[in-house]
Amino acid sequence: MSKKVLIVFAHPERNSLNGQFLDEIIDQLKTQGDKFKLSDLYGMGWKSEVDINDFPDYPKDKVFQPSYASKKYHQFTPDVIEEQNKLIWADTVLFVFPLWWYNLPAILKGWFDRVFSSTEYWKNKTVMGKNVSLIVTMGATAAENYDPHDPIKDVDQLLSNIFRTFYSGRMNPWTPLYFFGVAHVTSEDVKAMKAKVRDFIRNIPSSH
């Protein structure tokens with residue numbers, strides 16, 4: 001049975017190494033006969049900040065309280081509705097992004113802030129039971145900026161907030177793919193990385 005994969009891509013340069021990985025992901029999904037939808041956040045001009053305009057039915061004469069708005073008002077803007085519909089459609093969600101200053105790119109954090117409402121609405125209707133994972137690049141090598149004894153655990157800890165979001169939504173994370181030292185790679189390194197990306201896509205878990 002073919003998978004339905006939503007790819008959320010958060011890099012400003014489509015011809016970057018992240019962009020090359022995206023090409024490999026899409027090509028491998030097509031090869032496998034899987035379906036996919038792409039949210040290229042920079043390409044879409046995604047609005048990352050949350051404000052009162054994200055809740056069209058929020059009373060304009062009230063002080064704007066984002067957490068209250070997300071619990072009480074479920075009329076969203078068209079761009080948010082489109083992303084939520086992609087999530088409803090998908091059985092697998094894959095995030096592809098670089099780690100900047102030990103965190104998500106701001107545009108991706110804004111995607112979570114706007115698309116994931118803090119209510120049972122998105123847990124039960126949108127993301128519950130979906131497989132989810134990450135492909136993340138880091139410019140520095142493990143020895144330069146991370147624990148050389150266990151760099152993967154180090155990055156897991158840096159990204160613990162996103163994993164907590166997944167668990168809160170009752171999603172099913174599988175082991176992410178991390179690439180260290182991408183600022184120093186050779187063409188042979190890139191070739192090997194692309195092979196790992198394809199293998200990662202081949203081994204997407206079956207949905208529950």
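**Exercise 1. Is Gly43 buried or exposed?**

Before we start, note that this is a predicted model, where local features need pLDDT of at least 70, side-chain atom pairs count only at pLDDT 80 or more, and totals for chains, interfaces and linings use all residues. Residues are numbered from 1 along each chain as its sequence is written, and side-chain values use heavy atoms, with hydrogens and water left out.

Step 1: Recall the cut-offs: buried is under 20% relative accessible area, exposed is over 50%, and partly exposed is in between (1.4 Å probe, protein chains only).
Step 2: Gly43 has 62% relative accessibility, so it counts as exposed.
Step 3: Helices (H or I, at least four residues) and strands (E, at least two) are DSSP runs, numbered from the N terminus.

**Exercise 2. Work out where Lys86 sits and what it touches.**

Step 1: Find Lys86 in helix H4 (residues 78–89).
Step 2: With a relative accessible area of 9%, Lys86 is buried.
Step 3: Now look for contacts, meaning heavy atoms within 4.5 Å. Setting aside neighbours within four places in sequence, Lys86 is in contact with Leu6, Lys37, Leu38 and Ser39.

**Exercise 3. Classify the ring pair Phe95 and Trp111.**

Step 1: Rings of Phe, Tyr and Trp (its six-membered ring) pair if their centres lie within 6.5 Å; planes under 30 degrees apart are stacked, over 60 edge-to-face, and the rest tilted. That rule gives a count of 16 aromatic pairs.
Step 2: The centres of Phe95 and Trp111 are 5.5 Å apart and the planes are at 75°, so this pair is edge-to-face.
Step 3: The pair joins distant parts of the chain, 16 residues apart: Phe95 is in strand E3 (residues 92–98) and Trp111 in helix H5 (residues 106–115).
Step 4: Check the accessibility: Phe95, at 1%, counts as buried, and Trp111, at 0%, counts as buried too.

**Exercise 4. Describe how helices H8 and H9 pack.**

Step 1: Axes are lines fitted to C-alpha atoms, for helices over the stretch in contact, and angles run from 0 to 180 degrees between N-to-C directions. H8 (residues 151–158) and H9 (residues 160–168) pack at about 65°, with axes 4 Å apart.
Step 2: That makes H8 roughly perpendicular to H9, given that angles under 35 degrees are roughly parallel, over 145 roughly antiparallel, 65 to 115 roughly perpendicular, and the rest oblique.
Step 3: List the residues: H8 brings Asp156, Gln157 and Leu158, while H9 brings Ser160, Asn161 and Phe163.
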